Amino acid sequence: VIPLADQRSSLAAHLRYAADLAEAAGVVLLLECLSSPTLPPMVLNRLEAAVEIVEAIRRPQVRLIFDTAHVHNIEGNVVTEFLRVYEYVELIQLADCPGRTEPGAGVIDFDSLLTEATVRGYGGLFELEYHWSGLGQEGERTGMRRLRQMDARVRRKVAEGCAR
C-alpha cells in the first residue's frame, strides 16, 4: 500500500506535467474531492487536500470542482467551505443531500451559496448533477419548480444587495 502523502506527491508531479499540456490545448484540469460509500478511498478525500494540490501546482490550468453534495458530506457547511476556497473554484456541481437530489429537496442552503457566488462575480459553470427526488413527470415538474423558485429568490436577494 502506497502512503497517501506519496500518492498526493505523485499526483502533483503528474499534474504539473499535465498543466503544460492543458495550457497548450487551452483547457483547464479540474480536481474534485469525493465522498461515497460506493467508491474506494480517494486520494482527494477532503476539500483541503484538493486545495493543497492546486496551491502546490500554482497554475491557472489546475482548479477545483466544488461538488455541493460531496462537500456537504465531507466538510459540513457548504457556504462556509465555498467562501474558504472560492478563489480556486472553476465549476460548481449542484446536488442536494441526502440522496444527491435536486437543489431544494434536501438540507443544503443553495440560496446562500448561489447568492454568495453571484455577489462575488463567479463566472464559472454551474453543473446540475443529481437525481430527481420524485418519480416520473410529476417528480421532474416538482424539481423544476424548486429550481425556478430558488432562482427567483437568489435574483431577489442579489437585487436587494444582501449576500445572506
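I began at the end of a helix: arginine 58 follows α2 and has a positive phi, near 55°. Helices here are DSSP runs of H or I with at least four residues, strands are E runs of at least two, and both are numbered from the N terminus.

I noted the ground rules. This is a predicted model, in which local features need pLDDT of at least 70 and side-chain atom pairs count only at pLDDT 80 or more, while totals for chains, interfaces and linings use all residues. Residues are numbered from 1 along each chain as its sequence is written, and side-chain values use heavy atoms, with hydrogens and water left out.

I listed the buried residues of α2 as Leu47, Ala49, Ala50, Val51, Ile53, Val54 and Ile57. Buried means under 20% relative accessible area, exposed over 50%, and partly exposed in between, with a 1.4 Å probe and protein chains only. Their cover includes α1, β1 (29–31), β2, α3 and α4; contact means heavy atoms within 4.5 Å.

I checked leucine 64 by itself. Leaving aside residues up to four places away in sequence, leucine 64 touches Leu30, Leu31, Leu47, Ala50, Val51, Val54, Val85, Tyr88, Val89, Glu90 and Leu91.

**α4 against α5**

How do the axes of α4 and α5 cross? They come within 9 Å and cross at roughly 20°. The axes are lines fitted to C-alpha atoms, for helices over the stretch in contact, with angles from 0 to 180 degrees between N-to-C directions. α4 is therefore roughly parallel to α5, a term for angles under 35 degrees. From α4, Val78, Val79, Phe82 and Leu83 make the contact, and from α5, Ser112, Leu113, Glu116 and Ala117.

**Two single residues**

Histidine 70 sits in helix α3. Is histidine 70 buried or exposed? It is buried, at a relative accessible area of 10%. Not counting residues up to four places away in sequence, histidine 70 touches Glu32, Cys33, Leu34, Ser35 and Arg100.

Proline 98 lies in the loop between β3 and α5 and counts as exposed at 64% relative accessibility. I found proline 98 and serine 133 to be 35 residues apart in sequence and 9.9 Å apart in space, C-alpha to C-alpha.

Technical notes: Angles under 35 degrees count as roughly parallel, over 145 as roughly antiparallel, 65 to 115 as roughly perpendicular and the rest as oblique.
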